[in-house]
Amino acid sequence: MKTDIEIAQSANMKPINEIAQKLGILDDELELYGKYKAKITDGFIKRNEYKPDGKLILVTAINPTPAGEGKTTTTVGLGQALAKIGKKSIIALREPSLGPVFGMKGGAAGGGYSQVLPMEDINLHFTGDFHAITSANNLLCAIIDNHLQQGNELGIDQRRILFTRVMDMNDRALRNIIVGLGSKVDGIPREDHFMITVASEVMAILCLSSSIADLKERLGNILVAYKNNNDPVYCRDLQAHGAMAALLKDALKPNLVQTTENTPALIHGGPFANIAHGCNSIKATKLALKLADYAVTEAGFGADLGAEKFFDIKCRMAGLRPSAVVLVATLRALKYNGGVSKENLKEENRDALKKGTDNLMAHIANLKKFGLPVVVALNRFDSDTDAEIDFIRGVCSSLDVDMALSEVFAKGGEGGVDLAQKVVAVCEKENNFKFLYDADLSITEKIETIATQIYRASGVKYDATALASLKQIESLNEKYKKFPVCMAKTQYSLSDDPLKLGLPTGYDLNVRDIKLSAGAGFIVVLTGTIMTMPGLPKLPAAYNIDVDDNGNITGLF
């Protein structure tokens, strides 16, 4: 079989105008970025805002292996499969980050014959949205340091500056830095930090904003620092939010592309789910619901992270009501959760599979707590045996959950027809969608609800730093107590320890710090040793990426 990039480069793409025409988008409602990608104008969005919504399908996953379990591939393949069975479908995805593209995991445009195209553009600079977010974030940082240099009229305590610089690359050397070294004209020396762009509050704000006015207000609400007298300093106090919004005005528009089978796809925004809220933009998802009868979207990493945040943060803020959930699983991930090493996952191991199935059952039970029907998509690999597949089918049947084999990687939409038919069937059923917790609960009650009901922890332990941060946040404004919480946690385990695989119980979730994202509208809870600036592995994917004399890129996956 061809590599992902070979399949992508040999696909028969249609000009993006033709894809747009099928959706009723006029030429003057598109802003073209070359022949195969475009942004959709606000004029079109407003023209269609009174259309009825289609069905919203969330694709999530069990706790993955380090290589991932094909969640994006399944999302794309399901969208294509729905079109195969005669349904009007569209896909709504996040934009990939350059960090994992050049790191260990690779790109995030799907795989095999279920990809979004042009794959190389989407995985690299695309339409410049991430550059705009990085620039807006770092503009605020530059204004903060300039304010200190120019006399510090606001009385900012330079030891309590909360807002940090970002870049869209895995670079561990920038986690902790000193800025302002040199002569007197080079700034005020102080400790600073870098996060990866996808962890920036500006990214979250872009994805949760409904308009430029909403964007500007949220940017102004960013908590930047504290003064020497302990009063808060917001972005609006530094008069930075207008210029930041100007940098982001085009990034706020959803991007239109297509799949390997010319199914339309909206790709917009890209917060990680392990360190941020893990969903594509509200604007793109709402638009997708107006454009098709079935909108397929995904939430990052496992359901304990992505799905919970999709429901409790994104759906709560946007008023979205999903119709069904697809839970992606693989035999290799189940065996990995059953204790098998990464090197031996292709070997049949019924005992490990049975043990790892606890993880699958926990995620199914968790998703049912939100009142939605679940369909398990078993993403098939060549090494999977019929006996192993039948075992998982039996487990799903015992839980009264439909299971479908997904072969969309190798067969495109045709390999997901059974999955599509089962998803359509459950979408027709009544559901009782609900949030996991009430907004009126205290911040600690929300944290403990997620920890005990989703992560299966016995309780929560708070470091002294976390308790001090919580006290400070609660003293600022009563409305912050009603914010949902965004858990920053490892994706590899239901717990906060990546080594605790399967179904860990009898542990306490460790909260080491709590941060206020006042602009985004949620509380970030940092657990375990989760890093907001990842590092590269010993053999990064970048080693295999190249471009020839004709500009053809190789090595992307």
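# Notebook: helix packing, core and loops

I began with Asn262, which sits in the loop between β14 (255-259) and β15 (264-267). The model is a predicted one. I looked up the backbone of Asn262 and got a positive phi of about 65 degrees, although Asn262 is not a glycine. Is Asn262 buried or exposed? Its relative accessibility is 14%, and the cut-off for buried is under 20%, so Asn262 counts as buried.

I turned to Phe126, in the loop between α6 and α7. Phe126 is not a glycine, yet its phi is positive, near 50 degrees. Phe126 has a relative accessible area of 10% and is buried.

Next I went to the loop between β6 (114-117) and α6 (119-123), where Pro118 is placed. Which form does the peptide bond from Leu117 to Pro118 take? I found it cis, with omega near 0 degrees.

**Entry: α7 against α8**

I took helix α7 (residues 129-149) and helix α8 (residues 201-208) as a pair. They pack at an angle of about 125 degrees, and their axes are 9 Å apart. This angle makes α7 oblique to α8. I noted a right-handed crossing where α7 passes α8.

Which residues meet here? From α7 I listed Phe130, Ile133, Ala136 and Asn137. From α8 I listed Val202, Met203 and Leu206. Sorted by class, the contact of α7 with α8 has six nonpolar residues, one polar and no charged ones.

**Entry: α8 against α9**

I followed α8 on to helix α9 (residues 212-220). For this pair I read an angle of about 150 degrees, with the axes 9 Å apart. That makes α8 roughly antiparallel to α9, since the cut-off for that label is over 145 degrees. The crossing of α8 and α9 is right-handed.

On the α8 side, the contact is made by Val202, Ile205, Leu206 and Leu208. On the α9 side, I found Asp214, Leu215, Arg218 and Leu219. By class, I noted six nonpolar, no polar and two charged residues in the contact of α8 with α9. Val202 and Leu206 are among the α8 residues that meet α7, and both also take part in the contact with α9.

**Entry: α4 against α17**

I then looked at helix α4 (residues 71-84) and helix α17 (residues 417-427). They pack at an angle of about 80 degrees, with axes 8 Å apart. The two helices are therefore roughly perpendicular to each other. Thr74, Leu78, Ala81, Leu82 and Lys84 of α4 meet Val417, Leu419, Ala420, Val423 and Val424 of α17. The class count for α4 with α17 is eight nonpolar, one polar and one charged.

**Entry: the core**

How many residues does the largest nonpolar core have? I got 136. Those with the most contacts inside it are Leu140, Ile222, Leu248, Leu256, Phe311, Leu360 and Ile447. The largest share of this core, eight residues, comes from α7. In soluble globular proteins, nonpolar side chains tend to be buried together.

I listed the contacts of Leu140, setting aside neighbours within four places in sequence. They are Phe163, Ile222, Val224, Cys235, Leu238, Ala240 and Met244.

With neighbours within four places left out, Ile143 is in contact with Leu238 and Ala240. Ile143 has a relative accessible area of 23% and is partly exposed. I also looked up a separation along the chain. Ile143 and Asp358 are 215 residues apart in sequence, and their C-alpha atoms are separated by 50 Å.

**Entry: α18 and β22**

Which residues of helix α18 (residues 443-453) are buried? I found Ile443, Lys446, Ile447, Thr449, Ile450 and Ala451. These buried residues pack against α12 (306-318), β20 (459-462), α19 (464-476), β21 (485-488), β22 (508-517) and β23 (522-527).

I finished in strand β22, at Asn510. Asn510 is partly exposed, at 35% relative accessible area. Beyond neighbours within four places in sequence, Asn510 is in contact with Lys461, Asp496, Leu526, Thr527 and Gly528.

Key. Residues are numbered from 1 along each chain as its sequence is written. This is a predicted model: local features need pLDDT of at least 70, side-chain atom pairs count only at pLDDT 80 or more; totals for chains, interfaces and linings use all residues. Side-chain values use heavy atoms; hydrogens and water are left out. Axes are lines fitted to C-alpha atoms, for helices over the stretch in contact, and angles run from 0 to 180 degrees between N-to-C directions. Helices (H or I, at least four residues) and strands (E, at least two) are DSSP runs, numbered from the N terminus. Angles under 35 degrees count as roughly parallel, over 145 as roughly antiparallel, 65 to 115 as roughly perpendicular and the rest as oblique. A crossing is left-handed if the near helix is turned anticlockwise from the far one by less than a right angle, and right-handed if clockwise. Contact means heavy atoms within 4.5 Å. Ala, Val, Leu, Ile, Met, Phe, Trp, Tyr, Cys and Pro count as nonpolar, Asp, Glu, Lys and Arg as charged, and the others, Gly among them, as polar. Buried means under 20% relative accessible area, exposed over 50%, partly exposed in between (1.4 Å probe, protein chains only). A nonpolar core is a set of buried Ala, Val, Leu, Ile, Met, Phe, Trp, Tyr and Cys residues joined through side-chain atoms within 4.5 Å.
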